[in-house]
Amino acid sequence: MSTGCLALASGVSCSTGLLVGFLAGHRRARSRFESSGWMDASDEEEDENEMDDEVREKPSVLSVTSGTAVTQQSRASSSRLRDNGIFRRSSSATYAKNEMSSTDEKVVIAMVGLPARGKSFIAKAIIRYLTFLGCQVRIFNAGNLRRDTGKAGIGAAFFDSKNEDAKKLRENLAMQCLDQLLEFVTGTRGCVSVGILDATNTTLDRRKHVYERVAVERGVCLFFLESLCTDEDVLQENYRLKLANEDYKGTDAVQAQSDFMARVKQYESVYQPVEDVEDGVARSYIKIYDAGRKISKCRGETEKEGQMVPRMVFELLSSLHLGFRSIFLMVVAPSENDVKGLMGGDTSLSPLGRERGHELAQYIQNYETEQGVNSLVLCGTSRRHNEMAAFLNRGNRRILKLQRMNEMCVGSFDNMSLSDVEKLYPEEAGSRRKDKLNYRYPGEGGESYQDLIARMHEHILRLEQYHGCIVVLCDKRVCRVLLAYFRGTPLKEMPYTEVPAELVELERSHSGFEERLHPMPWRGHVHGIHSQLNGEE
């Protein structure tokens, strides 16, 4: 069994009894998946019933190196779990189930705030996060709709509240944008669907109209998300970034800034912050101050008890910040199993892997010297992770080894190649090809991408929270999950996300994260084997 199935902290001795205890702990972990909704409630019961007639073997300890127990279920014992090449398990045990795809929750998030207060940045972060968790979510931007209708480049006078014709047009555009949003939310059935109304919504009258329009739709929850900012440094940077939008394309920078500041003043003259009760209705809202320095929440009439989206949005906002952040993602160098094209296992780095470790350590050292920073290294607990991290264990760097960062566990297919699986277990291979996202590998500890997403959830928030430079050493499937999050890739496309052979740098930008690839001296040598890392096609 791979270290994705079992990982013990370095330096801890283990025994067969401890390993047996782990298996019981794994069942408890699966129950936590079940209670969190990431696993079908019937999976555990069906697995237990079907295992009654199957041969159960305690995994044997093959070796103990540096205090890490390595277990393996041999191909012979794996074959006893099948009948004529077929694992006896139900469809619900073969495929994981995401709670978001089976919960009919419909939510409208209406942004509130003056221009250049980070509304679009926050909305895009919510899109990225909720997409990663499995929600159907889309942003509807009133400014974009205005520009699409031929009103791009309009001066500040258009936003003057005393300009009645322009005010009426702005209101009509906002309601048209809201109608498009509601069409999306109500038309998406059988899952969590979220529409974000990205507009200023700075007056009581506008919010009243939004509330009344949403109230017509049965079962749709509405809450307002207000961004307030008084930090002059943050504001000046936001003003600078705003000048790059379509309204000021080709406009002189000084003239553009003057016009934009006049627009802000027009909104400031009528701005009314969200209150607990407006027009006799208790408002549901979240307020974020100065890009995350303070957050408050109020549950009003339109938010129902136990709804997931407001809670998920609040936990994300508690992690966001606008400080310096650079995240490096590095696929752990080829191990001995990678070279052989085998899945899982807990083998050492290959000679090429050790060469990559040396080169990576030198690159990060040069980066830290140039930036004047010390990096945090985040990795798993498998042997190859420990060996790669050892190259980076220098100076004031901190190394954080976490079991949850280990590779996806392939269960009974540990130390097998995909071609072996195709030959010995064609039905399992077919099930995997049919649905790579939800397919769960058979046997003790077998995981799916959905399970991996649930496991990585906490680390996603950790990466959002971190200030400074962080180096993430991970295996290919874990890297694929992380890249899918930062790229905003839909879940169905996640298993097919290309993982670069280069070192990937993610740096915070106005729209989210910019991705850069850093070619390394060993790229040409490793590219041919990269597609086989962790035995994956």
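In this predicted model, Glu-507 and Arg-516 are joined by a salt bridge in which the closest N and O atoms lie 2.3 Å apart. Salt bridges with shared partners extend this pairing into one network that comprises Glu-505, Glu-507, Glu-514 and Arg-516. Both partners of the pair fall in the intermediate range of accessibility, since Glu-507 has a relative accessibility of 26% and therefore counts as partly exposed, while Arg-516 is likewise partly exposed, with a relative accessible area of 33%. Across the model, the count of salt bridges comes to 25.

A salt bridge between buried residues is formed by Arg-207 and Glu-278, whose closest N and O atoms are 2.9 Å apart. This pair connects distant parts of the chain, with Arg-207 placed in helix α8 (residues 204–215) and Glu-278 in strand β7 (residues 277–278), at a separation of 71 residues.

Another salt bridge is found between the side chains of Arg-128 and Glu-464, with an N to O distance of 3.1 Å. Here too distant parts of the chain are linked, as Arg-128 belongs to helix α5 and Glu-464 to helix α17, 336 residues apart. Arg-128 has a relative accessible area of 7% and is thus buried, and Glu-464, at 1%, is also buried.

The two helices that carry this pair pack against each other: helix α5 (residues 119–133) and helix α17 (residues 449–465) meet at an angle of about 165 degrees, and their axes are 11 Å apart. Because this angle is over 145 degrees, α5 is roughly antiparallel to α17. The crossing of α5 past α17 is right-handed. On the α5 side, the contact is made by Arg-128, Tyr-129, Phe-132 and Leu-133, which meet Ile-453, His-457, Ile-460, Leu-461 and Glu-464 of α17.

When neighbours within four places in sequence are set aside, Leu-228 is in contact with Tyr-271, Lys-287, Ile-288, Tyr-289 and Asp-290.

Key: Residues are numbered from 1 along each chain as its sequence is written. This is a predicted model: local features need pLDDT of at least 70, side-chain atom pairs count only at pLDDT 80 or more; totals for chains, interfaces and linings use all residues. Side-chain values use heavy atoms; hydrogens and water are left out. Axes are lines fitted to C-alpha atoms, for helices over the stretch in contact, and angles run from 0 to 180 degrees between N-to-C directions. Helices (H or I, at least four residues) and strands (E, at least two) are DSSP runs, numbered from the N terminus. Angles under 35 degrees count as roughly parallel, over 145 as roughly antiparallel, 65 to 115 as roughly perpendicular and the rest as oblique. A crossing is left-handed if the near helix is turned anticlockwise from the far one by less than a right angle, and right-handed if clockwise. Contact means heavy atoms within 4.5 Å. A salt bridge is a side-chain nitrogen of Lys or Arg within 4 Å of a carboxyl oxygen of Asp or Glu. Buried means under 20% relative accessible area, exposed over 50%, partly exposed in between (1.4 Å probe, protein chains only).
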